[in-house]
Amino acid sequence: MSGSMASMFSDNDIGSIEVRGCIQFSLRYDSSKKELHVQIIQCRDLAEAKKQRTDPYVKTYLLPDRSNHSKRKTAVKKRSLDPIFNETLKYKIEKAELQGRILNLSVWHHDSLGRNLFLGEVEMALNTWDWSNTSPKWFNLQPKIPATPDMVPNRGKLNLAVKFIPAGSEEPGLPPTGELHMWVKNAENLVPRLGTTVDAFVQCYILPDDTKLNRQKTRIVKKTLNPTFNHTMVYDGFEVKDLAQACAEFTVWQRETFSKHRLGGIRLSLGTGNSYGLPVTWMDSTEEERHTWEMVFKQPQQWVEAALPLRTNLTSRTSS
């Protein structure tokens, strides 16, 4: 097994070493080079690994990307519980993209003959980081927490407009039934699942109908984190009372060669947790999403504009 493959699999090999100690590092964004600089200074009081020997190194990822493209590593320091690294790990990335990223720093014992052993980690949501402070800071190492998509609060923003046209409101008998018009404009600052760019498209359902006949999609916009779709979807057959029971679900997807992966989504509804008298998990709209849907009720025949964060915590569409 190559060193790279061993390192990748060792992420799942926590081992039985009790985590202790701390790490000192600093963060700086170089606007001229469009680079994030992670300066790993030192660690203190690390746990002993095998046979009272610890050969530590530090590894970083910009979550949610755990691919080799996102991985950076320091050199290994032999036989030290208080290693000094003084290394700068660099990421080529736009500053706006950092808002949706989490920096993961983990310390490992390097075992040339076996699996590397986990010694502790620190995770830092970069949307909360004070970029004016470039001084090194100390952080206590923590036990490993299994990664979940919800760790990243959102994966960008979706800009859209929604309009409800009641039956007969245009002229007598037209439209014959109420219509929902969904104008999917663009997405901003998408966070790719892997790599540095995205082939993206948007998919929509008006729940509770989650059949394929109800699904509408935009075209795929390739190789950008800020795709413009400019696509209008129309759903008919609605009355005003139906809107109170319905949920417009938009999801943004990353298209890959043989698969697709959901990056995040939004749900426009009243967020009551119920639809037509039945409890449902998908009536889970945030305050911003609820407000947008309420304005669609209050302003028929008018476009309601919205710029909403793409959530990563959409519950599955099953009845409770």
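**Briefing: surface, fold and salt bridges of a predicted model**

The accessible surface of the protein chain comes to about 15,600 Å², with 49% of it belonging to carbon and sulfur atoms (Shrake-Rupley method, 1.4 Å probe, only the protein chains shown counting as cover for residues). This is a predicted model, in which local features need pLDDT of at least 70 and side-chain atom pairs count only at pLDDT 80 or more, while totals for chains, interfaces and linings use all residues. Residues are numbered from 1 along each chain as its sequence is written, and side-chain values use heavy atoms, with hydrogens and water left out.

**Overall fold**
- The protein chain contains 3 helices and 18 strands, taken as DSSP runs (helices H or I of at least four residues, strands E of at least two) and numbered from the N terminus.
- Along its principal axes, the C-alpha trace spans about 85 × 45 × 35 Å.
- Of the 320 residues, 47% count as buried, where buried means under 20% relative accessible area, exposed over 50%, and partly exposed in between (1.4 Å probe, protein chains only).

**Salt bridges**
- The count comes to 12 salt bridges, each being a side-chain nitrogen of Lys or Arg within 4 Å of a carboxyl oxygen of Asp or Glu.
- Arginine 311 pairs with glutamate 289, their closest N and O atoms being 3.0 Å apart; because arginine 311 lies in strand 18 (residues 304-311) and glutamate 289 in helix 3 (residues 287-298), the pair ties together parts that are 22 residues apart in sequence.
- Arginine 311 counts as buried at 10% relative accessibility, and glutamate 289 is buried with a relative accessible area of 1%.
- Both residues belong to a network of salt bridges that links Glu249, Arg267, Asp284, Glu289 and Arg311.
- Lysine 34 and glutamate 94 meet in a salt bridge of 3.3 Å, N to O, which links the loop between strand 1 and strand 2 to the loop between strand 5 (84-92) and strand 6 (102-109), the two residues being 60 residues apart.
- Lysine 34 counts as partly exposed at 41% relative accessibility, as does glutamate 94 at 38%.

**Glutamine 24**
- Glutamine 24 is placed in strand 1 (residues 22-30) and is buried, with a relative accessible area of 11%.
- Leaving aside neighbours within four places in sequence, glutamine 24 is in contact with Gln39, Ile40, Ile41, Gln42, Pro136, Lys137 and Trp138, contact meaning heavy atoms within 4.5 Å.
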